[in-house]
Structure formats: structure tokens, C-alpha cells
Amino acid sequence: MRDGDATTDDQPRRRMRGPIAAVAAITVLALVAGSVASCSDPNLAFWRRDGGGVNANACPRPQSVTGSEFNAQEAGLRQLRRAAFRGDFFAQLELGSRYAAVRATDKNIEDPIESAVWTGLALANDEGYAPINRVNRGGLGGWRPVSRYDDCRAWERHVAYQRLDAQLSRMTMEEQGEVRNRMIYVLSTQDAEGFRALARLHDALYGPFGEPSDNREAREAVGRSPNGQVDRRRAGYYSAVSLFPRNDVDAYLYNYLAVQTGDVGAYVLLKDFERSTPARSRYGAFVEAKARQWVPPYEFYPNEAPASGVPFSDESRPRGDAYEYALGRMAELPFVHVGRALRYLGVTETVAERSNDLSARQIQTLEAMLGHNMESRLSYLEMVRAIQLAAVNGSSEAQLVLAVMYSEGIGVPTDYARAFHWYSQADKQGSPEAKFAMSTYFALGVAGVADQDKAEAVALRIDSALAGFGPSASRLQAVLAQVSRSQRR
């Protein structure tokens, strides 16, 4: 009976041994997998080391982005730029790759400056480093399946740092300044989120491109190992990490500009910035005055183009009700001003006084210059761009019109700093109307843009009158008449 009992008791044990062994084997495999994922190079452990290279580590792209566009290159670039201007991390990466001519079919659009711009914007984009799935990659009881989304984005940023550093190291200081200015312009079109990114780019408490200071790729770029120790053997991105100078004033400025958009979160971040170090709050009054005079580096994104390539289009769009309302007011602007801008640009031979006077070919010529879709219909935005393009290219008349547009909120939101800038540009070319307008700025004092200065106002008004501007001349005559009567008395 004892032998039989022993036999009977062993049977359930033998039946349980199979499942237990299977579970143990699975657990061992899981732990081994976790240890494999965390072994080798501690800073690059999250990347696949199976010889797959870039294809194994890179994030996948949809066919519409990666497909051959030999016959539709311009449409593909416009689609990517539209998404990139709105902050799409992968569109920015793809544009950086396209302008770097990684594919043979992109050789005609190769442009290192433009490639560096979009690669840098991808690095500054928090969509590229904000964690999605934090996990414990090793240890007993802490292992669970890992999403590769965080991993592949980290790999993409690692490659982007390498590409950007190689490009910047071959550029002159002027070319690097062009990269920096274009990045500032694009981010300035993204409202509070873009200004906050600019603040981080200038804040020494963050990584080289505004990522958290403990970000893996940021540490690698500045030559720090995962434990925080300086490891110069790992550092290789000296040009990339020095693209944006770090200083509290600029960091404060962009945080302040973010608040001016009406974003509540930006206000919280500004107060946090002021409290982060004892010295920062002292810059408040200075930064406030500087912010009132701040204008973007460009009126719109430079529409240059590589040899035989597609012009760089500005795909920023009106943001919010104020922008839409201002754009709708273009109907109030006499079309002759647009017609004069088009003639200055060489689009037309004569001044068109109505939009209907333009042929489809002429409209398409302007759209091609701007890198827009060929719709053969002039939109309000294209009217604004025509005046902006003529102003940027030196038309004093277009500069004066653009200044008035910014003063009155027609076509573009009211912005006295930009209005004063364009009045100044027209004044440099001898425009008496611009002198008169600037005299009004100094006579009244405009929101910190131009401090009240009666003497400067009178001097500008006299210059305007001597140049033949009627309203100013009549006012001057009235002043002189009063002086004459007082002297007779």
C-alpha cells in the first residue's frame, strides 16, 4: 500500500512538472531577452545589435513619404513641408534627409543649409524625445514587453545629431547663422509651443536642442556617459551643440513671447523660469522692452531654391481667429498695391488694378515663385505674399504698404514692431511717406516700439515735407505761419 500510495502521490507531481518547467523556461527566456537588450554598450543598449543597421533601428515611414517621387517631387516636398511646419517630427526628419540628397533622385534639390534646418528642428521637437512607454528593461519581476517607439526615435535622433554636426562643421559662420535664423522663423510660426522650444534652445539648464539634460542623445552629444561623467571619447557633436548660444536673456525673451500668445501654460513656465535661479528675475523689465521690439528674422520663409530644384515654400498658415480675420480684410486693400508688387517682381509688365486683370499664366508664375500649388486663382494669402516678396526684394512702395498693413491689421495681424521695421526700411530708401509715419510714432510713442521723442518727430516731419509729402508740408506751413504771427506780435 505504501508503495502504491507513493506511486499515486507522484503522479500529480509529474503532471505538474511539465507546466512548471515550461513557465520556468519562458521566464528564463524573458530574463535573457531583457539582459540581451541591456547588455553591450551601455549608452546604445536600446538599439538592435543584430547587424540590421539603420533599417533595423529606424522608425518606419508610410509609403506616401518614402515612395519614389521622381515625377511628383514638388508635390511630395510640399506635403512634407506642410506637416513639418506644423511640428511633425518625422516629416522634419524626412525633409532633412531629402535636402541632404540621401536618395539619388534627390540630388537636384540637395541643399546642406536647408537639410540642417529641418534636422535641427527635428532635434528640437519634443515629439522626438517625450517618453511614450517607460519600462524596466531588466531585473527579476520587472521585465515586460517593450515598445520600440521610444527606441527607434532615440536612434533617429542619434543619427540626426551625427548628420547635423557633419553639415555644420563644413559651413561658414554666416551659413550657420542662416540655419539658426530659419529655425527661429519656423518656430516663431508655431505660437506658444514654438516660442517655448526657442526658450529651451537658449536655456543652459536643458540639453543642446532643448531636450531634458538627462536625455540619452543629449548626453552623448556633449560627451557625457549615462552616469553623468564626462567622456570626451564619446563627444563628437561640437558644431551641433554650439549652434544656439546659451544665455538667460534670450531664454527669458522667448518664454515671455510665448506668454504674449495667450497660452496659460506658457505663463506657468515663465514663472518657473524666473524662480529657477536667483539672477533670472532681474531681467524682467529689460526683456519686456526687448519683446515689444522683437521681429522674426524673415518676413516669410526664404523662397530660394537649389540649382534646378524646387523653391522652398513657406507652409505656415494663419493661426487662430485674429489671423483669419486679418487675412479676410485684404478685400479692403486696393488691389493696385498688389498689382504694383507683381510688376516689381516681373510677374506682369503693367500694373493690374483688379485681380480679374491677371491671366492664369501670371498667377501661376507667382505661385511657382512662392512654391504654392498651381491653382490659377489668386488667394488672399498669395496677395499678402506678393507684397511681402516685393518688400523683401527692395521695393520701397511695397515696404510702405506692408508697414501700413501691419499698422492696421490688414492681411496680417496688427504688429507695431513689424510696422515700424518696414517704415524704417522704406525711410532708408528716401520715402517721404515713411518719414511722416515714423514722425507720428515718435510724436505719440507706440507701445515701447518707439519711445516718445518730440524732437525726433519734428525732424522727421520736416524731412518729409522737404521731400515733398503733402500732409507734412501743409502741417509745416501751419507751424511756420504761427511762428511768423507770434514774431510780428
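Reply: Arg61, Glu94, Arg98, Arg103, Asp106 and Glu156 are joined in a network of salt bridges. A salt bridge here is a side-chain nitrogen of Lys or Arg within 4 Å of a carboxyl oxygen of Asp or Glu. The general idea is simple: side chains of opposite charge can pair when their charged atoms come close.

The model is predicted, so local features need pLDDT of at least 70 and side-chain atom pairs count only at pLDDT 80 or more, while totals for chains, interfaces and linings use all residues. Residues are numbered from 1 along each chain as its sequence is written, and side-chain values use heavy atoms, with hydrogens and water left out.

Arg61 and Glu94 form a salt bridge through their side chains, at 3.4 Å from N to O. This pair links distant parts of the chain, 33 residues apart. Arg61 sits in the loop between helix H2 (53-57) and helix H3 (63-66), and Glu94 in helix H5 (residues 89-99). Helices (H or I, at least four residues) and strands (E, at least two) are DSSP runs, numbered from the N terminus.

How is this pair covered? Arg61 has 22% relative accessibility and counts as partly exposed. Glu94 is buried, at 10% relative accessible area. Buried means under 20% relative accessible area, exposed over 50%, and partly exposed in between (1.4 Å probe, protein chains only).

Next, Glu217 and Arg157. Their closest N and O atoms are 3.0 Å apart in a salt bridge. Glu217 lies in helix H10 (residues 216-222) and Arg157 in helix H7 (residues 149-169), so the pair ties together parts that are 60 residues apart in sequence. Both ends are buried: Glu217 has a relative accessible area of 3%, and Arg157 has 0%.

A further pair is Arg385 with Asp314. The side chains meet in a salt bridge at 3.6 Å, N to O. Arg385 is in helix H18 (residues 380-392), and Asp314 is in the loop between helix H14 (284-292) and helix H15 (320-328). Arg385 is buried at 7% relative accessibility. Asp314 is buried too, at 3%.

The whole structure holds 29 salt bridges.

Now helix H14 itself. Its buried residues are Gly284, Val287 and Ala291. Seen down the axis of H14, they fall within an arc of 65° (taken from the directions from the helix axis to the C-beta atoms), so they line one face of the helix. These buried residues pack against helix H12 (248-260). Contact means heavy atoms within 4.5 Å.

Another helix contact joins H8 and H9. The axes of helix H8 (residues 173-188) and helix H9 (residues 191-202) come within 7 Å and cross at roughly 145°. Axes are lines fitted to C-alpha atoms, for helices over the stretch in contact, and angles run from 0 to 180 degrees between N-to-C directions. Ile184, Leu187 and Ser188 in H8 meet residues of H9, including Phe195, Leu198 and Leu201.

Finally, the chain. It has 23 helices and zero strands. Of its 489 residues, 46% count as buried. Among contacts with a separation of 6 or more, 62% come from residues 24 or more positions apart.
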